[in-house]
Amino acid sequence: LGRLARQWQVVIKAAGLEAAGDKGPPGYALLETLPDKLVGAVQQVGAAITDYLGEHPDQASLELQELLFEALAFCRLAERFGEHSLCDLTRHGRGRAVLGLRNLIPADFLAARFNAAHSVVLFSATLNPAHYYRDLLGLSENTPWREVVSPFSARQLEVRIRSDISTRFRDREASIEPMVATIAQQYQRRPGHYLAFFSSFAYLEAAITRFREAHPDVPVFSQTRGMPEAQRDAFLARFSPGGRGIGFAVLGGAFAEGVDLPGDRLIGAFIATLGLPPFNAFNEALKARLSARFGQGDDYTYQIPGMIKVVQAAGRVIRSPEDQGVVVLMDDRFAQPRCCQAGGNWAVTHLIKDSARAMADLLWYQYLLIGLIFAWSGFVRTSLGFGGAVLALPFLLLVVNEPLVFLPIIAIHLLIFSSWI
């Protein structure tokens, strides 16, 4: 154990974390290679304990057995350390450091198991996009994929995008006011139970504080850090049939998946983030590794995992064929085609459907202005060969600042006028 302790201190010193976490936040470092001398010390500890217990079986205390099993498990992981792995060190203060051996690409462990099996069935409501799971799980290129028809219809869920809001870190403070207004307007339009999801507790706390100031008459409650099970149960109990209120929660947390609130126990959700994993040293290392292996580091590290969280949170709203609800996506990036692709068929289906729904909600004068712009721009020569569609879009957005509303209009515009101009 003495040799192990000395090697442990050598690793911490080499990482430059001798004082990290003592008075400030934890220190974190990625290690270039596996610390072989430390691994050797752990192996010696395992061998020494095994010999001791062989000679003194009556001394097999629970603590000694746990130390043995942990040492053996660590050594087994170290033996399989490779390109699919990453080693990091976190120091939370004196005597509280953690060495991590992390698997980044499960395929290297699972592919052999899949190949040895006669047949394997993998299923999930969020098993999309196929290439992402095929690559990370080590499935063969010819693996068949089947999408079961949903028992729910697109008519049950209204999806809206606030494309004038940015939840990027630099825009967080400016985003609070329009998000609060959006949540309040939807609640006033249709009172009931809602969930509002944010990317972090700090963001959540800023939003709920402002909401309480602006709308003290609306009942609100929130998820808290380290919420014990009894408090989580109490949070969900607030969503009682016939009740009203807005629950604020963190995307990817305990209330963003595995929660079943059918009927009027939940009639809507607000999602104020793309759910992107944090930009830090670990995720950047993961991105580099996935980019080298699959050529899609950014998508596989950030975009697709983020949209999976969004889809899971949105899935809390419709839980039976009789449910009706709304999901409001509050970030301009949700209107980008890249997000639709990362979100799979769910996002494409609902966003196309919602374009038609938004058109149906326009006022009479908005229809009139859109018609005038449509006719005028059709006869304008832009010299770009687009029959005036390029000129039309900026004016259409002045009427209604919802780009998705005008996708079908622009398509019709090009069909009618492209052959005339």
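This is a predicted model: local features need pLDDT of at least 70, side-chain atom pairs count only at pLDDT 80 or more; totals for chains, interfaces and linings use all residues.
**Stop 1: D22 and R91**

Start with the salt bridges; the whole structure holds 13 of them. Select D22 and R91. Their side chains form a salt bridge, with N and O 3.0 Å apart. Now colour by secondary structure. D22 sits in the loop between α1 (2-14) and β1 (27-31), while R91 belongs to strand β2 (residues 85-93), so this bridge ties together parts 69 residues apart in sequence. D22 is partly exposed, at 41% relative accessibility. R91 is buried, at 7%.

**Stop 2: R168 and D332**

Next, select R168 and D332. Here the salt bridge has an N to O distance of 2.8 Å. Both residues are in loops: R168 between β4 (157-161) and α6 (172-189), D332 between β9 (325-329) and α11 (337-360). The pair links distant parts of the chain, 164 residues apart.

**Stop 3: R134 and E141**

Go to R134 and E141. Their side chains meet in a salt bridge of 3.7 Å, N to O. R134 is buried, because its 16% falls under 20%.

**Stop 4: E177, R210 and E213**

Select E177, R210 and E213 together. A network of salt bridges links these three residues.

**Stop 5: S175**

Move to S175, in helix α6. With a relative accessible area of 3%, S175 is buried. Hide the surface to see its surroundings. Which residues does S175 touch, leaving aside those up to four places away in sequence? They are I165, S166 and Y203. Draw a distance between the side chains of S175 and Y203: a polar contact of 2.5 Å joins them.

**Stop 6: the patch around Y365**

Select W364, Y365, L368, L369 and L372. Together they make a nonpolar surface patch of about 570 Å². Then pick out Y365. This residue is part of helix α12, which covers residues 364-378. How accessible is Y365? Its relative accessible area is 39%, so Y365 counts as partly exposed.

Keep one view of D22 with R91 and another of R168 with D332.

How values were computed: Residues are numbered from 1 along each chain as its sequence is written. Side-chain values use heavy atoms; hydrogens and water are left out. Patches are made of residues with over 30% relative accessible area and no salt bridge: like charges are joined within 9 Å, nonpolar side chains (Val, Leu, Ile, Met, Phe, Trp, Tyr) within 5 Å. Accessible areas come from the Shrake-Rupley method with a 1.4 Å probe; for residues, only the protein chains shown count as cover. A salt bridge is a side-chain nitrogen of Lys or Arg within 4 Å of a carboxyl oxygen of Asp or Glu. Helices (H or I, at least four residues) and strands (E, at least two) are DSSP runs, numbered from the N terminus. Buried means under 20% relative accessible area, exposed over 50%, partly exposed in between (1.4 Å probe, protein chains only). A polar contact is a pair of N or O atoms within 3.5 Å; within protein, one must be able to donate a hydrogen and the other to accept it, and residues adjacent in sequence count only if both atoms are side-chain atoms. Contact means heavy atoms within 4.5 Å.
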